[in-house]
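Dear colleague,

I am passing on the structure below, and I would be glad if you could look through it alongside my notes, which follow directly after it.

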Amino acid sequence: MSRLQNRIAWITGAGTGIGRGIAVALAEAGMNVALSGRRQAPLDEVAEVIRSMGREAVVLPIDVMDREGIQNTVKAIEESLGEIWLLVNNAGMNTTQRMAIDMAPEDWDAVVDVNLTGAFNCFRGVFAAMKSREQGMVINIASMAGRQISLLGGAAYTASKHAMVALTHSINLEAAAFGIRASVICPGE
């Protein structure tokens with residue numbers, strides 16, 4: 001039996017792409033999953049796939065910038081599935097105008113807010129419970145832009161993904177004493 005069997009994972013940005021793939025893979029490994037993102041319909045589709053595998057899935061749309069909403073989401077996950085053992089911070093975005101010299105300040109704010117502050121907000125949402133039981137795992141999905149600077153990702157995206165890598169290392173330094181581990185994954189194109 002997998003050591004992930006019947007544990008609870010919360011995945012943000014779970015409706016499409018990498019988040020969807022992670023949610024399905026974790027369910028295949030035996031986990032029950034909470035699926036969050038901004039759009040209900042894609043989350044519902046992923047939930048149906050996971051339920052068809054015999055695993056539990058709950059759909060909880062959120063905006064990762066809504067700290068009160070995150071607290072309510074964590075509570076709803078704990079009430080419906082149980083304690084969150086794994087948080088996967090996958091919610092992210094970019095803009096079409098990516099160059100620092102062309103980018104509107106509000107686009108910079110939106111990218112940094114969702115990609116970095118959103119991950120911080122979700123981590124803070126699960127931290128107290130993980131600390132109290134001295135066990136938990138955080139996986140931050142960054143990007144190769146978090147390791148290599150290029151024009152492709154753009155200034156805000158690259159800066160936010162570099163910062164997400166640093167956030168991951170900071171979580172390890174600060175929370176390891178409480179049995180909480182963090183990893184960062186930097187996928188390429």
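In which sense, right-handed or left-handed, does α3 pass α4? Before the answer, please keep in mind that this is a predicted model.

The crossing of α3 past α4 is right-handed. On the α3 side, the contact is made by Arg67, Ile70, Gln71, Val74 and Glu78, while α4 contributes Thr117, Phe120, Asn121, Cys122, Arg124, Gly125, Val126 and Ala129. Sorted by class, the contact of these two helices has 6 nonpolar, 4 polar and 3 charged residues.

Turning to the sheet, 6 strands form an open arrangement in the order β3-β2-β1-β4-β5-β6, with parallel pairing. Its edge strands, each of which pairs on one side only, are β3 (57-59) and β6 (180-185), and the twist from one strand to the next averages 15°. Strand β5 (residues 136-141) runs parallel to β6 and is joined to it by 6 bridges; within this pairing, isoleucine 139 has serine 183 of β6 as its bridge partner.

Helix α2 (residues 40-52) touches β2 (32-36) and β3, and its direction makes about 170° with that of β3. Helix α3, for its part, touches β1 (8-12), β2, β3 and β4 (84-89), with a direction at about 150° to that of β1.

Notes: Residues are numbered from 1 along each chain as its sequence is written. This is a predicted model: local features need pLDDT of at least 70, side-chain atom pairs count only at pLDDT 80 or more; totals for chains, interfaces and linings use all residues. Side-chain values use heavy atoms; hydrogens and water are left out. A crossing is left-handed if the near helix is turned anticlockwise from the far one by less than a right angle, and right-handed if clockwise. Helices (H or I, at least four residues) and strands (E, at least two) are DSSP runs, numbered from the N terminus. Contact means heavy atoms within 4.5 Å. Ala, Val, Leu, Ile, Met, Phe, Trp, Tyr, Cys and Pro count as nonpolar, Asp, Glu, Lys and Arg as charged, and the others, Gly among them, as polar. Two strands pair if DSSP finds at least two bridges between them. Axes are lines fitted to C-alpha atoms, for helices over the stretch in contact, and angles run from 0 to 180 degrees between N-to-C directions.
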